[in-house]
Amino acid sequence: MTESTHVLRVAVLIGATVSTGLMAGLFYAFAVAVMPGLGRAGDRTFVEAMQRINAAILNGWFAAAFAGAALLTAAAGLLHLGRPALPWIGAAFVLYGVALAVTFSMNVPLNDALDAAGEPGRIPDLGAVRERFEAVWVRWNVVRALACTVALACLSWALTV
């Protein structure tokens, strides 16, 4: 193994770890601060804030971490074929896949439905809109936070082996 191959392996694994950590931190922050804080707000504030957050998060920085975690973990796995870190990288890839599946099958459709409800000032029953969104979104966010956190732990361990 050349020195440059070793540096590439480590750099890609660090990138996977950092991007997965950013996603785990984002989902964790929503689980322990954002959603509990918004949970104490009135219906209009809750719906309006979530609509604005859902629009604001669609940016390049988020996309880089969100996609980067999967792509860099896959690349790290390929670079570590036959090496002791591979099972940990593979486990992280599967766990991050769980987070992606939850995001695309649960959280995004809920976000879309919340957006489709319209402007908060024009929604006749904000309580019903919130009721259909909040508890389910929070539950599935916790699942993806846990999956990402365990994926981060796996990648962190992969750095040590």
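Predicted model: local features only at pLDDT ≥ 70, side-chain atom pairs only at ≥ 80, totals over all residues.
Local features need pLDDT of at least 70, side-chain atom pairs count only at pLDDT 80 or more, and totals for chains, interfaces and linings use all residues. Residues are numbered from 1 along each chain as its sequence is written, and side-chain values use heavy atoms, with hydrogens and water left out.

**View 1. A nonpolar surface patch involving helix α1.**
Val 10, Ile 14, Val 18, Leu 22 and Leu 159 make a patch of about 390 Å². Patch residues have over 30% relative accessible area and no salt bridge (a Lys or Arg side-chain nitrogen within 4 Å of an Asp or Glu carboxyl oxygen). Nonpolar side chains (Val, Leu, Ile, Met, Phe, Trp, Tyr) are joined within 5 Å, like charges within 9 Å. Areas are Shrake-Rupley values with a 1.4 Å probe; for residues, only the protein chains shown count as cover. Helix α1 (residues 3–39) gives the most, four residues. Helices are DSSP runs of H or I, at least four residues, numbered from the N terminus. Ile 14 lies in α1. Its relative accessible area is 40%, partly exposed (buried is under 20%, exposed over 50%, partly exposed in between).

**View 2. Val 161 and its contacts.**
Val 161 sits in the segment after α5 (126–160). It is partly exposed, at 44% relative accessibility. Leaving out residues up to four places away in sequence, Val 161 touches Pro 84, Ala 85 and Trp 88 (heavy atoms within 4.5 Å). Val 161 and Ala 85 are 76 residues apart in sequence, yet 5.7 Å apart C-alpha to C-alpha.

The whole structure holds zero disulfides (cysteine sulfur pairs within 2.5 Å). Cys 148 is buried at 0% relative accessibility. Cys 154 is buried at 9%.

How values were computed:
Helix = DSSP H or I, 4+ residues; strand = E, 2+ residues; numbered from the N terminus. Buried < 20%, exposed > 50% of the residue type's maximum accessible area, 1.4 Å probe, protein only.
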